[in-house]
Amino acid sequence: SDQPQGYRRVLLKISGEGFSSGGATGVNVADVAKLAGQLAEIATSGTQLAVVVGGGNIIRGARFSAGTEMIQEATAHYMGMLGTVINGLALQDALENIGCETRLMTAIRMDGFAEPFIRRRCTRHLEHGRVVILACGTGNPFVTTDTAAALRACEIGADIVLKATRVDGVYSDDPEKNPHAVLYERLSYKEVISDKLAVMDVTAIGLCMENNIPIVVFNYLKEGNIARAVAGERVGTLVGD
Ligand code: UDP
């Protein structure tokens, strides 16, 4: 069959937009609650779940620094990483509030409220059924949380990267602008890179390709879709060999 059934360990990437619908800046409690509800379903199903949170709802470093000469680009990226921590904290409480055990781990130390990311400690939490929320991306400027998702997936031996988006998958063109855009069911890593398809950054795709980790791009706003993706059912676009 095309797609393996029922993943054991999943790396889910949630962009900042998942924390604030409609492109608004900041954290929307109702959106976080909805997200947490879907994630809790997965955790109770027995699938090990690590979540890399984005921060685009707060700051995207590249875009922010482009608007000013005063703040250096590297600084803006650190600001962006801190945004992911704000989202991570919100998601943690939203999950704990509905009875889901979690750990927040950060790539840059946040001693007062989060654990540092340590690979073996992370996998131990996962084995114990805790949802591990990974914030601060890679801890390095000039990359994005997509790269962090791919990197952590490789590190923790995730079976798959699930990229949660607001559209149904990867299209040949922007479906909101071109009515003839077609949704791909399957793509190879190479097609994604050579056709410059908007899946994840090239660094992220390359890491997944080298380590044979498939990527599923899917619409998390459709009820039950996260659970379907985790169960290995056909949803969205599968990127693999
Ligand atoms: N960022 C970074 N290094 C990382 C991850 C993120 O510098 O490893 C910064 C970067 O500026 C990025 C911002 O944090 O734009 C927010 O992350 P991202 O844009 O990936 O959020 P998303 O698009 O998923 O909401």
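Predicted model: local features only at pLDDT ≥ 70, side-chain atom pairs only at ≥ 80, totals over all residues.
Student: What makes the radius of gyration of the chain agree with a compact globule?
Tutor: For 241 residues, a compact globule would have a radius of gyration near 18 Å. The chain has 17 Å, so the two agree. The C-alpha atoms fill a box of roughly 45 × 45 × 35 Å along the principal axes.

Student: What is the secondary structure of the chain, and how many of its contacts join residues at least 24 apart?
Tutor: The chain has 8 helices and 9 strands. Take the contacts between residues at least 6 apart in sequence: 68% of them join residues at least 24 apart.

Student: Why is valine 32 called buried?
Tutor: The cut-off is 20 or more other C-beta atoms within 10 Å. Valine 32 has 21, so valine 32 counts as buried. Valine 32 lies in helix 1, residues 29-44. Beyond its neighbours within four places in sequence, valine 32 is in contact with Phe19, Val27, Ala90, Leu91 and Ala94.

Student: How far is valine 32 from glutamate 223?
Tutor: Their C-alpha atoms are separated by 15 Å, with the two residues 191 apart along the chain.

Student: How do you know whether isoleucine 14 is buried or exposed?
Tutor: Count the neighbours. Isoleucine 14 has 27 C-beta neighbours inside 10 Å. The threshold for buried is 20, so isoleucine 14 counts as buried. Isoleucine 14 is in strand 1, residues 9-14. Leaving out residues up to four places away, isoleucine 14 touches Leu35, Val51, Val53, Gly54 and Ala164.

Student: What about glycine 56, which sits in a loop?
Tutor: The loop runs between strand 2 (48-53) and helix 2. Glycine 56 has 22 other C-beta atoms within 10 Å, so glycine 56 is buried.

Student: Which residues does UniProt list under "binding site"?
Tutor: The unreviewed entry lists Lys13, Ile14, Ser15, Gly16, Gly56, Arg60, Thr165, Tyr171 and Asp174.

Student: Why do these residues not all gather at one spot?
Tutor: The farthest two C-alpha atoms are 23.6 Å apart, so the residues do not all gather at one spot. In sequence they span 162 residues.

Student: What makes a set of residues a nonpolar core?
Tutor: The residues must be buried and nonpolar, and joined through C-beta atoms within 7 Å. The largest such core here has 70 residues. Val51, Leu134, Val161 and Cys208 have the most contacts inside it. Apart from residues up to four places away in sequence, cysteine 208 touches Ala150, Ala153, Val161, Tyr189, Ile213 and Ile215. In soluble globular proteins, nonpolar side chains tend to be buried together. Over the chain, 45% of the 241 residues count as buried.

Student: Which span does the UniProt domain annotation cover?
Tutor: The unreviewed entry gives "Aspartate/glutamate/uridylate kinase" for residues 9-219. That span is 39% helix and 18% strand, and its end C-alpha atoms lie 20 Å apart.

Note on methods:
Residues numbered from 1 in each chain as written. UniProt positions renumbered as here; feature names shortened; annotations may be inferred. Helix = DSSP H or I, 4+ residues; strand = E, 2+ residues; numbered from the N terminus. Buried ≥ 20, exposed ≤ 12 C-beta atoms within 10 Å, placed from the backbone. Contact = placed C-beta atoms within 7 Å. Rg over C-alpha atoms; globule rule 2.2 N^0.38 Å.
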